[in-house]
Amino acid sequence: MASAVASAPGATHMATKVELTISCQNLMDMDVFSKSDPLCALYISTGSHWYEFGRTEMILNCLNPKFARKFVIDYYFEMVQKLKFCVYDIDNNTYDLSDDDFLGELECTLGQIVSNRQMTRQLLLKDRRSAGRGTITICAEEITDTRMANFEVSARRLDKKFLWWSDPFLEFYKQTETGWQLAHRTEVVYNSMNPVWRPFRISLRALYGGDVEKLIKVDCYDHHVNGSHDLIGSFQASLAEMSAGTHLSPAEFECINSKKLKNKKYKNSGVICIKRCQVEKEYSFLDYVMGGCQINFTIAIDFTGSNGDPMSPQSLHYINPEGYNEYLQAIWAVGNVIQDYDSTKMFPVFGFGAQIPPSWQQYFVLLILTDGVITDMDQTRAAIVEASRLPMSIIIVGVGGADFSAMEFLDSDDKLLLSPTGEAAARDIVQFVPFRHFNGNSVALAQSVLAELPDQVSSFFNAYKLKPPNVSTVPEPS
C-alpha cells in the first residue's frame with residue numbers, strides 16, 4: 001500500500017499536507033542469531049484514545065533502518081496534533097504488534113516535527129527509560145507538487161556477488177541539506193546479473209524537491225537475507241538526464257563501486273538502463289470526487305455459523321438492550337463518512353457478494369464485516385487479485401475476538417498479494433482492522449479504515465490515465 005493520508009476529524013480550517021519520512025539508528029538487537037527486523041507504526045491521538053494510522057514496511061536484519069514507506073498527514077497550524085511513533089522487532093506473520101518485541105517509542109506533536117523539518121530524538125521504553133542508544137529521525141516536507149515520475153529500469157552485466165549471480169535491487173536518494181534521503185527502494189530481482197525491475201513511480205518532491213538539475217543518487221545492492229547487503233555500485237544523475245532515455249535508446253549510467261577504482265583495469269560494475277523516466281501530472285482524490293466520480297458503498301456481512309445463534313447474547317449478531325452490536329457499530333462508523341460521497345445514499349448489502357463495477361466513472365468500496373473465519377482462502381485470494389484491476393477497494397472489519405491472521409494475510413502491506421497460481425495483484429486494495437482495537441471509538445475506527453481510500457482511488461485512475469469524468473471542472477494539478 002502506498003503512503004496513507006490522515007485528516008483531522010471535523011476540521012474546517014485550511015490544512016497543509018505534510019509528508020513524513022522515518023529512519024532509526026542504533027536500535028536494540030532483540031534477536032539471538034540475527035539482527036532485529038524493525039517496523040515503525042504511527043499512532044494519532046483523538047484525545048482519549050490512540051488509534052493506529054499506518055505502518056512502514058518491515059526491514060529484515062537491520063539496526064539502522066531507512067524506511068521507504070512514508071506517511072502523509074494534514075497539518076493544522078492552530079491545532080495540537082499528538083503523534084506516537086512505535087518501533088517493533090517483527091517476529092511473526094501476525095498483524096497484532098503486541099506479540100512482537102518493543103524497540104521504543106517517541107511521543108511528539110506534528111507541530112514540533114514541522115517546525116524542525118528534521119528531528120532526531122531518543123527512543124523510550126514503556127517505563128520511559130531510554131531504549132538503549134536507539135534514536136528515531138523524522139523528516140517533514142510540505143506537499144506542493146503532486147507530479148510523479150514513472151520509471152522503467154533494467155541493468156546489464158552487473159558484478160557477480162555470490163558464485164555466478166547477484167540478487168540486485170535499487171535505492172533512489174534525494175539530495176538534502178543534511179545528506180542523502182531515501183526516496184524509493186525497488187523489489188529484489190533474484191539470481192540475475194541482467195535484472196528488469198517492475199515499473200514504479202516516485203513523486204517529484206521525493207526525488208529532487210523542485211530543482212530539475214539537482215543530482216539524484218542511485219545505489220545498486222546485492223540483497224542478503226541477513227541485512228548486510230553488498231554495494232554493487234552507484235551513479236548520480238539529474239532527472240533531466242534520466243528522462244532522456246527511451247525503450248529504443250535507454251539512458252545508460254555506469255554503476256561504479258568506489259572501492260574498486262584503485263584497480264587500473266576496473267571499468268564499471270555494470271550498467272543501469274533507464275528506459276522510461278516520464279513526468280506526469282497526477283490528479284488527487286478530491287479532483288476525482290469534485291469531477292463527478294461517485295463512491296459506491298457496498299456492505300458484505302458475515303452470516304456464517306461461527307457467529308453463533310443470533311438469539312444468544314454470546315452471538316456477534318445479538319442485538320443488545322441498547323439496540324446495537326459490533327456489526328452495526330462498524331457499519332455506522334464507516335457508512336457515516338462514505339455516505340457523503342454517494343449520491344443515492346442507498347447501500348447494497350450482500351452475504352459476501354459484490355457486483356462488477358459497471359463503468360469507469362464510479363469507484364466501489366466493499367465493506368466486509370466478518371468474525372475472521374475463511375474456509376475458501378484460495379478462492380478469496382484469486383478474487384482479490386482479479387478485483388485489484390477494477391475500480392474498487394475492500395475494507396475488512398474483524399468483529400469479535402477470533403483469530404484474524406487470515407485477514408491480516410490479505411492486507412498485504414509489505415508485498416502484493418499473490419493468487420494461488422502466482423499471479424500478483426495490480427495494487428493493494430485491502431485494508432483490515434480489528435474492531436475491538438478501537439474500544440468503541442467510532443471516529444477512530446472510521447479514520448483508520450478509510451485512511452488509505454483516497455490514495456487507492458486516485459492511484460487507480462491515474463495508473464490507467466483516466467481523468468476525472470468532468471475534467472473541465474477540475475483545475476490542473478500543480
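**Entry 1: the open sheet**

I began with an open sheet of five strands, which pair in parallel and follow the order β19-β18-β20-β21-β22. The edge places belong to β19 (349–350) and β22 (430–434); each has a single partner strand, so one side of each has no neighbour in the sheet.

Before going on, I noted that this is a predicted model: local features need pLDDT of at least 70, side-chain atom pairs count only at pLDDT 80 or more, and totals for chains, interfaces and linings use all residues. I also noted that residues are numbered from 1 along each chain as its sequence is written, and that side-chain values use heavy atoms, with hydrogens and water left out.

Helices (H or I, at least four residues) and strands (E, at least two) are DSSP runs, numbered from the N terminus. Two strands pair if DSSP finds at least two bridges between them.

Next I looked up how β19 is held. Strand β18 (residues 294–301) pairs with β19 in the parallel sense, over two bridges. In β19, phenylalanine 350 is the bridge partner of alanine 300.

**Entry 2: helices on the sheet**

Then I turned to the helices beside these strands. Helix α9 packs on the sheet and touches β18, β20 (362–370), β21 and β22, where contact means heavy atoms within 4.5 Å. The direction of α9 makes about 140 degrees with that of β20. For such angles, axes are lines fitted to C-alpha atoms, for helices over the stretch in contact, and the angles run from 0 to 180 degrees between N-to-C directions.

Helix α8 (residues 442–450) lies across β21 (392–398) and β22, running at about 155 degrees to β22. How many of the nine residues of α8 are buried? I found seven, so α8 is largely enclosed by the rest of the structure. Buried means under 20% relative accessible area, exposed over 50%, and partly exposed in between (1.4 Å probe, protein chains only). Among the buried residues of α8 are Ala444, Leu445 and Val449. What do the buried residues of α8 pack against? I listed β4 (50–55), α5 (326–338), β21, β22 and α9.

Helix α9 (residues 453–463) has buried residues too, including Leu453, Val457, Phe460 and Phe461. After α9 comes lysine 465, whose phi is positive, near 55 degrees.

**Entry 3: aspartate 287**

I found aspartate 287 in helix α4 (residues 285–290). Is aspartate 287 buried or exposed? Its relative accessibility is 12%, so aspartate 287 counts as buried. The C-alpha atoms of aspartate 287 and lysine 467 are separated by 8.9 Å, although these residues are 180 apart along the chain.

**Entry 4: strand β6 and the cores**

Strand β6 (residues 82–89) has seven of its eight residues buried, so the rest of the structure largely encloses it. I checked its pairing. Strand β3 (residues 38–45) and β6 are antiparallel, with seven bridges, and β6 is joined to strand β7 (residues 101–109) by eight bridges, again antiparallel.

I followed phenylalanine 85 across these strands. Phenylalanine 85 is the bridge partner of leucine 42, and in β7 its own partner is leucine 106.

Phe85 turned up again in the largest nonpolar core, which has 73 residues; Leu20, Phe85 and Ile136 have the most contacts inside it. Apart from that core lies another, of 30 residues, among them Val153, Ala155, Ala183 and Ile232. A nonpolar core is a set of buried Ala, Val, Leu, Ile, Met, Phe, Trp, Tyr and Cys residues joined through side-chain atoms within 4.5 Å. A handy background note: in soluble globular proteins, nonpolar side chains tend to be buried together.

**Entry 5: strand β14 and the cysteines**

Strand β14 (residues 215–222) is mostly covered, with seven of its eight residues buried. Strand β11 (residues 168–176) and β14 run antiparallel and share seven bridges; leucine 170 has cysteine 220 as its bridge partner in β14. Eight bridges join β14 to strand β15 (residues 230–238), also antiparallel, and aspartate 222 stands opposite aspartate 230 in β15.

How many disulfides does a search of the whole structure find? The search finds zero, a disulfide being a pair of cysteine sulfur atoms within 2.5 Å.

I looked at two cysteines. Cysteine 220 is buried at 1% relative accessible area, and its sulfur is 4.7 Å from the closest cysteine sulfur, in cysteine 255, which is too far for a bond. Cysteine 86 is buried at 2%; the closest cysteine sulfur to its own, in cysteine 40, is 7.5 Å away, too far for a bond.
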